[in-house]
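Hi,

Here is the structure I promised to send over. Please open it alongside this email, and my notes follow just below.

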Amino acid sequence: MELWYTEKHTDTVDFSIKVKKHFYSEESPFQTIDFFESEEFGTFFTLDGLMMVNEKDEFVYHDMITHVAMATNPEIKRVLVIGGGDGGTVRELTRYAHIEKIDMVEIDEMVVRACEKYLPITASKLTDPRVSLYFEDGLKFIEGKENVYDLILVDSTDPIGPGEGLFSEAFYKDCYAALSPNGILINQHESPYYPNYAREMKRSHSKIEKIFPISKVYQFHMPTYPSGHWLFGFASKTLDPIKDFNPEKWASFGLETKYYNTDLHVGCFALPTFVKKMLEE
Ligand code: SAM
C-alpha cells in the first residue's frame with residue numbers, strides 16, 4: 001500500500017509527497033502538528049496540514065530569511081526571531097560570531113520540542129548560549145519594547161490561526177519601535193502566485209510600507225510551498241538592501257551557504273512584472 005501526504009494549495013490544486021511513514025501527530029493548544037518521513041524530502045513536519053519545514057529545501061528559506069539582512073548591515077548584534085520553532089533561522093544566525101543576543105519567541109513549545117527530537121538539522125543550535133527561548137505570543141512579547149533589536153525576523157505561519165496577528169499593522173508598528181535606528185525587519189511575505197496568498201502578501205506589504213521608510217520585496221524558490229514562488233519583505237528605518245549592501249564585508253565572514261550568495265543578494269530584488277504591478281496596486 002502506498003502512503004501519500006497531500007496538501008491543498010488551492011481548492012483545485014493538490015501537492016502530494018509519497019511518504020514512508022507518518023510517525024507523529026499531536027494537537028497542541030494552538031495547532032495540529034504532524035511529522036512524516038519521505039524518500040524525496042527526508043523528514044518533514046506540517047502545522048494544520050501545511051508544510052513548514054523539510055530536510056531537503058529548508059536551506060533555501062533559512063538562508064534567505066537571514067543572510068540578506070546580515071549582509072546589508074554586518075553590524076547587527078541583537079536579533080529577535082518571531083515564530084521559527086524549527087530552529088533553522090536561529091541556526092543560521094548563530095553562524096555569525098559577532099551576534100551577541102538572539103531571542104526567539106515561539107507561541108508553541110510543542111513545535112520546538114518535537115523539532116529538537118525529530119529535526120536536529122534545524123533545531124541543533126537552539127542551545128547556543130546566545131539564544132534565549134520565550135514560549136509566548138510574539139504579538140504580546142514585542143509590545144512596548146523600544147530600541148532593543150537591530151534585526152527582527154518574522155518566521156511565522158500563514159495569517160490564519162496563531163499567526164494571524166503577526167500580519168497586522170499594530171504588530172508592524174511595535175516592530176518599528178523595538179528596532180534600533182538602523183534596524184531591519186524581514187517579514188514572511190507569502191507568495192504572489194495563487195490569489196489567496198497574493199492577497200495576504202499585498203495586505204502585509206501595504207501595511208509595512210506605511211510604517212517603514214524603506215520597504216522592498218525579494219523572492220526565492222521554495223519547491224514545497226504553494227507554487228514554489230515565495231517572498232520576504234525587507235523593511236528598514238535607514239538601510240537600503242542594495243545601496244548599503246556590503247558584499248566584501250559579508251564575504252570576509254567566510255560563511256559557506258548553499259543558496260544565498262552575493263550575486264543573488266542583488267538579483268533577488270529584481271521582481272517579475274506581475275509582482276511589481278501587485279505591489280504598486
Ligand atoms: N518556514 C515556515 C513557513 O513559512 O511556513 C515557518 C516555520 S515556523 C515553524 C512558524 C512558527 O510560527 C510555528 O511554529 C508557529 O507556532 C509560530 N507562530 C505562529 N504564530 C505565532 C505567534 N503569534 N507568536 C509566536 N510564534 C508564532
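**A residue in strand E9**

Let me start with Asp150, which is part of strand E9 (residues 149–155). Please keep in mind throughout that this is a predicted model. Is Asp150 buried or exposed? Its relative accessible area is 10%, and buried means under 20%, so Asp150 counts as buried. The side chain of Asp150 makes a polar contact of 2.8 Å with the side chain of Ser180. If you set aside the neighbours within four places in sequence, the residues in contact with Asp150 are Ile76, Lys77, Arg78, Leu179, Ser180, Asn182, Gly183 and Ile184.

**Around the ligand**

Next, the ligand. Which residues come nearest to it? Out of 26 residues around the ligand, these are Gln31, Glu106, Asp137, Gly138 and Tyr225. Some individual atom pairs are worth a look on your screen:

- Gln31 has a polar side-chain atom 2.9 Å from an oxygen atom of the ligand.
- Tyr61 also places a polar side-chain atom by a ligand oxygen atom, at 3.3 Å.
- Gly138 uses its backbone: a polar atom there is 2.8 Å from a nitrogen atom of the ligand.

On its own the ligand has 600 Å² of accessible area, and the protein covers 99% of that.

**The open sheet**

Now for the sheet made of 5 strands, which is open and runs in the order E1-E2-E3-E4-E5 with antiparallel pairing. Strand E1 (3–10) and strand E5 (50–54) are at the edges with a single partner strand each, so one side of each has no neighbour in the sheet. On average, neighbouring strands here are turned by 45° against each other, ignoring direction.

E1 pairs with strand E2 (residues 13–27) in the antiparallel sense, over 7 bridges. To find one of these places, look for Lys8, whose bridge partner in E2 is Asp14. Helix H3 (residues 109–118) lies across E2, strand E3 (32–38) and strand E4 (42–47), and it runs at about 95° to E2.

**A loop residue**

Finally, have a look at Pro213, in the loop that links helix H7 (195–211) and strand E11 (214–221). Pro213 has a relative accessibility of 58%, so it counts as exposed. Neighbours within four places in sequence aside, Pro213 is in contact with Tyr176, Ser236 and Lys237. Pro213 and Lys237 are 24 residues apart along the chain, and their C-alpha atoms are separated by 5.7 Å.

Best wishes

Technical notes
Residues are numbered from 1 along each chain as its sequence is written. This is a predicted model: local features need pLDDT of at least 70, side-chain atom pairs count only at pLDDT 80 or more; totals for chains, interfaces and linings use all residues. Side-chain values use heavy atoms; hydrogens and water are left out. Two strands pair if DSSP finds at least two bridges between them. Helices (H or I, at least four residues) and strands (E, at least two) are DSSP runs, numbered from the N terminus. Axes are lines fitted to C-alpha atoms, for helices over the stretch in contact, and angles run from 0 to 180 degrees between N-to-C directions. Contact means heavy atoms within 4.5 Å. Buried means under 20% relative accessible area, exposed over 50%, partly exposed in between (1.4 Å probe, protein chains only). A polar contact is a pair of N or O atoms within 3.5 Å; within protein, one must be able to donate a hydrogen and the other to accept it, and residues adjacent in sequence count only if both atoms are side-chain atoms. A residue is near a molecule or strand if one of its heavy atoms lies within 4 Å of it. Accessible areas come from the Shrake-Rupley method with a 1.4 Å probe; for residues, only the protein chains shown count as cover.
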